[in-house]
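Open the model in your viewer and keep the sequence panel beside it. The stops below are given as selections, each followed by what is found there.

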Amino acid sequence: MLLVVLAHAGVGFLPGGFVGVDVFFVLSGFLITGLLLAEARANGSVSLIDFYVRRAGRILPAAALTLLATDIAAFFLLNFLRARDVVQDSLYTAAFAANFRFAARGMDYFAQAEPPSPLLHYWSLAVEEQFYLVWPALLSIVIFGLALTRRRRRAERRQLRRLLLVVALLSAISLGWSVHLTATLPAAAYFSPLTRAWELGLGAALAVSVSTLVRVPPEGRLVMGWTGLLAIAVAAVLFSERTPFPGFAALLPTVGTALAIAAGIGDRHSRLAVARLLALRPLCIVGDRSYAFYLWHWPVLILADQYVGYELSVTLKLALLGGAFLLSCVSYALVENPIRRQTRSRRAAGLVLGVSTAAVLGTALLSLSAIAREQEHFNAPAASASLVASPPALVSYRTQAGSMQALPDVVAAVEAARRGDPIPSGLDPPIGKLRSILPEYVLPDGCISRGESSKSTSKVCRVGETTSRKMIVLVGDSHAMMWLPAVLEMAWRDGWVVVPLLRTGCMPNRWITNEGPASCRAWYRWAIREVRLLHPRITLVGGSIGERPSTAVRAAADGTLAMATALKPYGAVVVIGDPEGLSEDPTDCVLSSHASMATCTTRWPPATLRSYDRVAVSTRHRGIGFIATRGFFCFQRQCPAVIGHTVAYWDNSHITAAYAVQIADAFRTAFLRAAARAVH
């Protein structure tokens with residue numbers, strides 16, 4: 001687990017330290033299967049109840065204690081929405097279903113902007129326990145009646161060969177599924193028990209093969225041990241978050257672990273054997289407490305980051321790891337070890353399970369109740385709050401930098417930020433529901449291509465005035481989709497039918513480069529073909545470009561222009577300007593104890609305006625319309641999170657549906673001007 005915790009602390013030379021979890025899976029499969037086989041040899045069968053009694057005593061006390069401490073710490077250290085998320089995560093974690101929750105969140109493009117959960121690391125524990133819901137029973141069936149006697153030793157070898165065949169077959173199927181799912185749905189693959197079962201199966205196969213591996217000479221085990229350790233180290237150093245994982249890549253650390261384990265089997269070892277290194281006292285001390293250390297380290301790191309509001313330095317994170325290790329030593333000595341030793345009977349295990357469950361559920365329910373009251377109080381409407389539509393067009397303002405256009409509400413919000421005014425009450429949408437969209441603006445199922453899917457197409461849907469002959473096609477990623485409420489308001493008013501061709505997570509820089517999945521480039525070609533077949537009167541192109549100058553931002557601007565240029569032969573094209581966003585998550589900012597209009601307004605340096613400006617100039621030269629949206633959100637390079645009583649953004653860059661509706665008239669005016677300039 002040292003690889004995992006050091007990688008989580010941001011140690012630069014271990015970007016692939018996450019493979020420590022895979023090392024753990026192989027080791028767990030080896031140790032648990034070895035214990036099950038030993039019981040089968042001694043008793044002729046495996047007692048499933050006794051197995052789960054031992055598991056409960058081993059894992060529940062430390063896991064429940066960490067859950068309780070994390071829930072309580074989140075309640076006092078984080079804002080009520082982040083605390084609510086943590087408490088809800090703890091309920092899934094307590095049911096050993098954390099991996100399913102985090103897989104669903106990982107496949108939700110819009111949830112990926114959320115900060116990581118302090119309980120995210122429990123996914124591996126959930127996968128392990130899901131495996132052990134099935135494996136002991138399967139092993140019992142395959143080796144039923146195994147007893148180690150001289151007369152039946154030949155029968156035992158047959159049963160073990162049969163068990164090894166079953167393990168190999170199921171592991172091969174799991175590995176194949178892992179490779180497939182990693183290529184098609186990587187978030188689901190990472191957390192799935194079906195894509196990880198083969199890793200535990202590899203450890204199980206080692207346990208079944210001990211009688212063969214013990215005959216390997218010391219020299220061979222010496223080579224195997226260091227080769228295995230080297231394979232793990234190479235994976236930890238060379239892998240990164242860009243490595244498709246688990247899939248084929250997981251073979252390197254897992255096979256390396258298997259070699260290292262096999263090298264440690266037997267009594268005779270060379271003086272240079274890996275087993276002697278791993279048997280050093282300091283490593284044994286850490287190893288004994290590794291489970292508790294793994295449980296504590298992640299909440300300590302994540303809660304600290306979220307409390308201060310920014311990512312801490314590696315030095316501070318290493319210091320926090322030291323504190324987490326001290327916590328693990330205390331919990332190991334006072335909770336984990338004593339309870340494990342006392343949990344020998346089924347009654348004791350039932351007591352541990354009952355107390356752990358009651359403590360976690362009780363704390364969660366009390367926390368959620370208190371959080372609901374706090375949220376209700378915060379969202380109470382102010383008597384003076386009145387939500388009105390913005391003026392129908394941008395207004396020009398003279399500044400020292402020259403004439404600038406912005407909505408009056410935006411200028412007022414920037415002036416409030418300069419004065420340091422408090423955040424107004426009675427916000428819309430209510431905090432905690434920033435992503436909410438009224439049903440009339442929600443597209444039917446299947447009308448959006450999801451970036452997490454390998455499928456590169458979607459249904460071609462018609463919304464707005466569906467019987468109209470005037471057609472607008474809206475093309476792009478989630479930054480095009482966020483304008484849909486404004487586009488639909490315009491469509492209903494002016495009689496347009498709208499056809500959305502959208503793919504979340506498929507930013508413009510991925511349309512024309514090899515960055516990202518190939519399905520994104522396939523979607524880009526499909527969208528162009530669909531526009532050619534539809535031949536709309538106007539095509540609206542939108543996409544995420546970004547602010548800070550970088551190769552990706554330049555490529556995103558190029559991708560936007562490439563899409564617009566490619567669509568120009570099939571009708572007039574208008575590009576929706578991608579305005580600057582926020583430097584801080586609006587939820588965290590608004591709920592901060594020191595929140596004000598000033599702290600929740602981002603001031604961008606001049607260099608961040610270049611890509612937006614380049615797209616605006618390039619479209620004009622190419623006969624493509626351009627909707628200047630910057631003034632809808634920003635004035636003099638300052639962009640407030642709250643404009644009037646409306647929260648303008650639901651994350652750093654996506655606008656809320658409420659604000660899109662509020663500025664629909666201004667969007668329509670800008671659209672009509674841009675469409676008039678577009679040359680077909």
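The model is predicted, so local features need pLDDT of at least 70 and side-chain atom pairs count only at pLDDT 80 or more, while totals for chains, interfaces and linings use all residues. Residues are numbered from 1 along each chain as its sequence is written, and side-chain values use heavy atoms, with hydrogens and water left out.

**Disulfides**

Select the cysteines. With a disulfide taken as a pair of cysteine sulfur atoms within 2.5 Å, the count is four. Counting bonded cysteines along the chain, the pattern is 1-2, 3-4, 5-6, 7-8.

Go to Cys447 and Cys461, whose disulfide has an S to S distance of 1.9 Å. The link is left-handed, with -85° about the S-S bond. It connects distant parts of the chain, 14 residues apart: Cys447 is in the loop between helix H18 (408-419) and strand E3 (448-449), and Cys461 is in the loop between E3 and strand E4 (463-464). Helices (H or I, at least four residues) and strands (E, at least two) are DSSP runs, numbered from the N terminus. Cys447 is buried at 0% relative accessible area, and Cys461 is also buried, at 11%. Here buried means under 20% relative accessible area, exposed over 50%, and partly exposed in between (1.4 Å probe, protein chains only).

Next select Cys506 and Cys520, a disulfide with sulfur atoms 1.8 Å apart. This link is right-handed, with 95° about the S-S bond. Cys506 sits in the loop between strand E6 (497-503) and helix H21 (518-534), and Cys520 sits in helix H21. Both Cys506 and Cys520 are buried.

Then select Cys634 and Cys639, joined with an S to S distance of 1.9 Å. The torsion about their S-S bond is about 105°, so this disulfide is right-handed. Cys634 and Cys639 are both buried.

Cys284 is partly exposed at 29% relative accessibility, and Cys329 is partly exposed at 23%.

**Salt bridges**

A salt bridge is a side-chain nitrogen of Lys or Arg within 4 Å of a carboxyl oxygen of Asp or Glu. The structure holds 20 of them.

Select Glu515 and Arg242, with closest N and O atoms 3.7 Å apart. Glu515 is in the loop between E6 and H21, and Arg242 is in the loop between helix H11 (218-238) and H12, 273 residues apart. Glu515 is partly exposed at 35%, whereas Arg242 is exposed at 65%.

Move to Asp558 and Arg614, a salt bridge at 3.0 Å between the closest N and O atoms. Asp558 belongs to helix H22 (residues 551-567) and Arg614 to helix H24 (residues 610-621).

Stay on helix H24 for Asp613, which pairs with Arg630 in the loop between strand E10 (625-627) and strand E11 (638-640). Arg630 is buried at 19%, and Asp613 is partly exposed at 33%.

**Surface patch**

Finally, select Leu2, Trp226, Leu272, Leu277, Leu278, Leu280 and Leu283, which make a nonpolar surface patch of about 620 Å². Patches are made of residues with over 30% relative accessible area and no salt bridge; like charges are joined within 9 Å, and nonpolar side chains (Val, Leu, Ile, Met, Phe, Trp, Tyr) within 5 Å. Accessible areas come from the Shrake-Rupley method with a 1.4 Å probe; for residues, only the protein chains shown count as cover. Leu272 lies in the loop between helix H12 (251-263) and helix H13 (274-278) and is exposed at 59%.
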